[in-house]
Amino acid sequence: MKFYNCMLLLSLVLCVSAQNWFTDAGAFIRDAYRGAEDMWRAYSDMREANYKNADKYFHARGNYDAAQRGPGGKWAAEVISDAREDWQGDISGRGAEDTRQDQEANAWGRGGGDPNRYRPEGLPSKY
């Protein structure tokens, strides 16, 4: 009888643990998707604004917004930022210093720092 009680208890624990894992995985995926949307919105706003020296602000803002979604959003922001900088570094010819500054703004935003640290003077309040 003890054996069956132990097996029943173990099964219940495993089912509860599996359900939490499934729920957590779903939340991570949802947060990652929404974080990717935040990154896209920041990129679109940057293109629309077409404002000189605003690049770092939009980097920080996109990463900040995505990271606020949770672990999935923070992960998406890091993956997207790193991929963009790797691609941009190879193609654009802007150099390692620009990539380093972009990554600094990315990390600042992902870490919860205020994106306005990089906001250029005169950027419309819409952004």
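## Exercises on an all-helix predicted model

Y57 is buried, with a relative accessible area of 4%; buried means under 20%, exposed over 50% and partly exposed in between, with a 1.4 Å probe and protein chains only. The model is predicted, so local features need pLDDT of at least 70 and side-chain atom pairs pLDDT 80 or more, while totals for chains, interfaces and linings use all residues. Residues are numbered from 1 along each chain as its sequence is written, and side-chain values use heavy atoms, without hydrogens and water.

**Exercise 1.** Work out which secondary structure elements the protein chain contains.

*Solution.* Start with the count: 4 helices and 0 strands. Helices (H or I, at least four residues) and strands (E, at least two) are DSSP runs, numbered from the N terminus. The order from the N terminus is then α-α-α-α. Of the 127 residues in the protein chain, 32% are buried.

**Exercise 2.** Follow the aromatic pairs that involve F58.

*Solution.* Rings of Phe, Tyr and Trp (its six-membered ring) pair if their centres lie within 6.5 Å; planes under 30 degrees apart are stacked, over 60 edge-to-face and the rest tilted. The whole structure holds 4 aromatic pairs. One of them joins Y57 and F58, with 5.1 Å centre to centre and 70° between the planes, an edge-to-face pair. Next, F58 and Y127 have ring centres 5.9 Å apart and planes at 75°, so this pair is edge-to-face. It links distant parts of the chain, as F58 is in helix α2 (residues 55–67) and Y127 in the segment after α4, 69 residues apart. F58 is buried at 4% relative accessibility, and Y127 is buried at 11%. Together, ring pairs make a cluster of Y57, F58 and Y127.

**Exercise 3.** Find the arginines that lie over the faces of W108 and Y57.

*Solution.* A charge sits over a ring if NZ of Lys or CZ of Arg is within 6 Å of the ring centre and within 35 degrees of the ring normal. For W108, the residue over the face is R117, at 4.1 Å from the ring centre. For Y57, R119 takes that place, at 5.0 Å from the ring centre.

**Exercise 4.** Check the span of helix α4 and locate its buried residues.

*Solution.* The expected span is 1.5 Å times one less than the number of residues. Helix α4 (residues 96–110) has 15 residues and should therefore span 21 Å; its end C-alpha atoms are 21 Å apart, which agrees. Its buried residues are D98, D102, A105, N106, G109 and R110. They cover an arc of only 135° around the axis, so they lie on the same side of α4; the arc is taken from the directions from the helix axis to the C-beta atoms. Just after α4, G112 has a positive phi of about 95°.
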